[in-house]
Amino acid sequence: RCAGHGIRIGITGPTWVAIDNVTAKLPEIGAREGWGDEVTIARLASRPPGPGGMDERLRPYLASGSSPAFLDVSDRLCHPSLMTIVGGTADQICRLGGKGLASCFDVLLIDEASQMDVAHAIVAYTRLADDASVVVIGDDLQMPPIHPIEAPEGAAHLVGSIYDFYTRYRETEPGATPITP
């Protein structure tokens, strides 16, 4: 914003609670910091949630199904010069813009990443711009993703949480520098 550039930020996580915990704070922060009128914030939903189905601070930002708000968000993401922030599940983020829009996000933030498995995170990664950044936030002491089978030997980092993937990233490669939490 200060440099006069747009930015497209995606916020995701394993649950709506994680997604809403981050997204719901943004309108107040934007108003306080003076950028609230310059950015479009959207909270995705497959259909409008009932009472208690979402953080009520986000109801004015709801973009569901094929609503005009959802179509507007998809359209805005085609324009990297605009500032757009979208909170949604990995599957919903992947569906934004349809098949014609490959890169939607300059930044993807994954909250509660220690509970989100690699496969679901990768779904959201399909909408990253070529030079995008990924912010992975989690607590490795919390419960990991639940899987019905044990990971194949030597591949736990590929089927566990996205948080564990990065903490174990390239650990078997000689001379590789690990990513430290």
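**Charge, fold and burial in a predicted protein chain**

The protein chain carries 14 positive and 23 negative side chains, and the centres of the two sets lie 6 Å apart. Lys and Arg are counted as positive and Asp and Glu as negative, while His and the chain ends are not counted; each charge is placed at NZ of Lys, CZ of Arg, CG of Asp or CD of Glu. The model is predicted, with local features requiring pLDDT of at least 70 and side-chain atom pairs counting only at pLDDT 80 or more, whereas totals for chains, interfaces and linings use all residues. Residues are numbered from 1 along each chain as its sequence is written, and side-chain values use heavy atoms, with hydrogens and water left out.

Seven helices and six strands make up the secondary structure of the protein chain; helices (H or I, at least four residues) and strands (E, at least two) are DSSP runs, numbered from the N terminus. Their order along the sequence is β-α-α-β-β-α-β-α-β-α-β-α-α. The radius of gyration is 17 Å, close to the 16 Å that the globule rule gives for 181 residues, so the protein chain is as compact as a globular protein of that length. This radius is taken over C-alpha atoms, and the rule is 2.2 Å times the number of residues to the power 0.38. The C-alpha trace spans about 50 × 40 × 35 Å along its principal axes.

Of the 181 residues, 40% are buried. Buried denotes under 20% relative accessible area, exposed over 50%, and partly exposed in between (1.4 Å probe, protein chains only). Among contacts (heavy atoms within 4.5 Å) with a separation of 6 or more, 68% join residues 24 or more positions apart.

In strand 5 (residues 105-110), six of the six residues are buried, so this strand is largely enclosed by the rest of the structure. Strand 5 pairs with strand 1 (residues 7-12) in the parallel sense over four bridges, pairing being assigned if DSSP finds at least two bridges between two strands. Strand 5 also runs parallel to strand 6 (residues 128-136), to which five bridges join it. Ile110 of strand 5 stands opposite Thr12 and also opposite Val136 in strand 6.

Strand 6 also contains Asp130, which is exposed, with a relative accessible area of 86%. The C-alpha atoms of Asp130 and Phe105 are separated by 9.2 Å, the two residues being 25 apart along the chain.

In helix 1 (residues 16-23), the buried residues are Ala18, Ile19, Asp20 and Thr23. They pack against strand 1, helix 2 (26-33), strand 2 (39-45) and strand 4 (83-87).
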